[in-house]
Amino acid sequence: MQYDLKVNGETHRVDVEGDTPLLWVLRDELGFKGVKFGCGVAACGACTVHMDGTATRTCVFPVEDAVGTEITTIEGISEGAELTDIQNAWIENQVPQCGYCQSGMIMAVTALLEEIPNPSDEDIDASITNICRCGSYQRIRKAIHAVADAREKANV
């Protein structure tokens with residue numbers, strides 16, 4: 001069956017079974033390799049994208065339910081070659097180790113900061129449930145606070 005998906009501002013037509021996980025459509029059919037396969041049960045968050053601005057784990061999300069939504073992958077969060085302030089904070093705070101989970105982590109953090117501009121540690125723990133096998137959680141938290149502080153100062 002054919003489905004039209006709006007990904008990173010562009011509409012793409014795919015011909016797949018309706019219950020195909022969105023992850024595989026994004027990666028294999030459309031070539032968005034920043035979306036990663038991790039656990040396959042929506043536990044780790046490596047496959048996180050935004051659907052209408054909400055962080056969504058795609059490894060168990062059927063493509064037919066994504067029709068009519070605005071999907072944003074890690075490739076679509078920045079404008080041109082410019083990195084987002086979150087991506088820059090990731091680099092400045094040396095967050096990634098192996099880096100495999102980081103695209104999903106950045107998508108989850110981007111959604112968190114849209115919802116809660118200056119999150120507490122408890123907000124971060126409650127919202128960012130992605131799993132990082134390298135254990136970079138303290139650096140992730142530090143980067144989140146750095147972005148929140150910089151945004152707050154910029155608005156003063």
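At what angle do H3 and H5 pack, and how far apart are their axes? In this predicted model, in which local features need pLDDT of at least 70 and side-chain atom pairs count only at pLDDT 80 or more, while totals for chains, interfaces and linings use all residues, H3 and H5 pack at an angle of about 40° with their axes 12 Å apart. Residues are numbered from 1 along each chain as its sequence is written, and side-chain values use heavy atoms, with hydrogens and water left out.

Helices (H or I, at least four residues) and strands (E, at least two) are DSSP runs numbered from the N terminus. Axes are lines fitted to C-alpha atoms, for helices over the stretch in contact, and angles run from 0 to 180 degrees between N-to-C directions.

The strands form an open sheet of 5 strands in the order E2-E1-E5-E3-E4, with mixed pairing; two strands pair if DSSP finds at least two bridges between them. Strand E2 (10-15) and strand E4 (54-57) stand at the edges with a single partner strand each, so one side of each lacks a neighbour in the sheet. From one strand to the next the twist averages 40°.

Antiparallel pairing joins E1 and E2 over 6 bridges, with Gln2 opposite Asp15 in E2. The hairpin of E1 and E2 has 2 residues between the strands, and Asn8 takes a positive phi near 50°. Strand E3 (residues 48-51) pairs with E4, also in the antiparallel sense, over 4 bridges. Thr48 stands opposite Arg57 in E4, and Met51 has Thr54 as its bridge partner in E4. The hairpin of E3 and E4 has 2 residues between the strands, and Asp52 in the turn has a positive phi of about 50°.

Helix H1 (residues 22-29) touches strand E1 (2-7), E2, E3 and strand E5 (70-72), and its direction makes about 80° with that of E1. Helix H3 (residues 102-115) touches E3, E4 and E5, its direction making about 35° with that of E3.

Helix H2 (residues 85-92) packs with H3 at an angle of about 125°, the axes being 10 Å apart. The two helices are therefore oblique to each other; angles under 35 degrees count as roughly parallel, over 145 as roughly antiparallel, 65 to 115 as roughly perpendicular and the rest as oblique. H2 passes H3 in a right-handed crossing, that is, with the near helix turned clockwise from the far one by less than a right angle. H2 contributes Ile86, Gln87 and Trp90 to the contact, and H3 contributes Gln102, Met105, Ile106, Val109, Thr110 and Leu113. By class, this contact has 6 nonpolar, 3 polar and no charged residues; Ala, Val, Leu, Ile, Met, Phe, Trp, Tyr, Cys and Pro count as nonpolar, Asp, Glu, Lys and Arg as charged, and the others, Gly among them, as polar.

The angle of about 40° between H3 and H5 makes H3 oblique to H5, and their crossing is right-handed. Met105, Val109 and Leu113 of H3 meet Ile140, Ile144, Val147, Ala148 and Arg151 of H5. The residues of this contact comprise 7 nonpolar, no polar and 1 charged.

The structure holds 5 salt bridges, each a side-chain nitrogen of Lys or Arg within 4 Å of a carboxyl oxygen of Asp or Glu. One of them joins Asp85 and Arg151, with the closest N and O atoms 2.7 Å apart. Asp85 lies in helix H2 and Arg151 in helix H5 (residues 137-154), so the pair ties together parts 66 residues apart in sequence.

Definitions and conventions:
Contact = heavy atoms within 4.5 Å.
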